[in-house]
Amino acid sequence: MALKIIASMCTGCSACEPECPNVAIREKGGTFIIDPNKCTECEGQFDSPQCVAVCPVDNCIKAA
């Protein structure tokens with residue numbers, strides 16, 4: 001499974017990018033996207049997805 005950043009909700013703050021242990025998040029067009037091939041939802045590494053934990057916008061990052 002992978003997570004997805006809702007582009008219309010993303011403020012481009014970049015808080016999520018450095019928190020991803022899989023380097024699955026990158027900037028594109030002023031917002032951020034998650035590479036579904038790299039995203040593991042932090043399973044086996046953390047109790048919850050780190051990008052969701054640091055995102056200042058509620059429900060901006062959801063299951064794809």
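**Figure 1. Contacts of I25 in a predicted model.** Not counting residues up to four places away in sequence, I25 touches I5, C16, E17, C20, F32, I33, I34 and C51, where contact means heavy atoms within 4.5 Å. I25 is found in strand β2; strands (E, at least two residues) and helices (H or I, at least four) are DSSP runs, numbered from the N terminus. At 5% relative accessibility, I25 counts as buried. Buried stands for under 20% relative accessible area and exposed for over 50%, with partly exposed in between (1.4 Å probe, protein chains only). The C-alpha atoms of I25 and K4 are separated by 9.7 Å, and these residues are 21 apart along the chain. The model is predicted, so local features need pLDDT of at least 70 and side-chain atom pairs count only at pLDDT 80 or more, while totals for chains, interfaces and linings use all residues. Residues are numbered from 1 along each chain as its sequence is written, and side-chain values use heavy atoms, with hydrogens and water left out.

**Figure 2. The β2–β3 hairpin.** β2 and β3 run antiparallel and are joined by four bridges; two strands pair if DSSP finds at least two bridges between them. The bridge partner of I25 in β3 is I34. Two residues lie between the strands of the hairpin, and G29 in the turn has a positive phi of about 65°. T31 is found in strand β3. At 16% relative accessibility, T31 counts as buried. Leaving aside neighbours within four places in sequence, T31 is in contact with A7, C10 and R26.

**Figure 3. The largest nonpolar core.** A nonpolar core is a set of buried Ala, Val, Leu, Ile, Met, Phe, Trp, Tyr and Cys residues joined through side-chain atoms within 4.5 Å. The largest one has 15 residues, of which I5, I25, I34, C51 and I61 touch the most other members. The elements that give two or more residues to this core are β1 and β3. Leaving aside neighbours within four places in sequence, I5 is in contact with C10, C16, I25, F32, I33, I34, C60 and I61. In soluble globular proteins, nonpolar side chains tend to be buried together.

**Figure 4. Cysteines without disulfides.** A search of the whole structure finds zero disulfides, a disulfide being a pair of cysteine sulfur atoms within 2.5 Å. C10 is in no disulfide, and the nearest cysteine sulfur, that of C60, is 5.1 Å away. C10 is buried, with a relative accessible area of 16%. C20 is likewise in no disulfide; the nearest cysteine sulfur belongs to C42 and is 6.1 Å away. At 17% relative accessibility, C20 counts as buried.

**Figure 5. Positive phi at V23 and C42.** Phi of V23 is near 50°, a positive value in a residue other than glycine. V23 is found in the loop between β1 (3–5) and β2 (25–28). V23 counts as exposed, at 60% relative accessibility. C42 has a positive phi of about 65° although it is not a glycine. The loop that holds C42 lies between β3 (31–34) and α1 (50–54). C42 is buried, with a relative accessible area of 6%.

**Figure 6. D58 in the loop between α1 and β4.** D58 lies in the loop between α1 and β4 (61–63). D58 is exposed, with a relative accessible area of 63%. D58 and K28 are 30 residues apart in sequence and 20 Å apart in space, C-alpha to C-alpha.

**Figure 7. The protein chain as a whole.** The protein chain has one helix and four strands, and its elements run β-β-β-α-β from the N terminus on. The radius of gyration is 10 Å, close to the 11 Å that the globule rule gives for 64 residues, so the protein chain is as compact as a globular protein of that length. The radius is taken over C-alpha atoms, and the globule rule is 2.2 Å times the number of residues to the power 0.38. Along the principal axes, the C-alpha atoms fill a box of roughly 30 × 20 × 20 Å. Buried residues make up 31% of the 64 residues. Among contacts between residues at least 6 apart in sequence, 57% join residues at least 24 apart.
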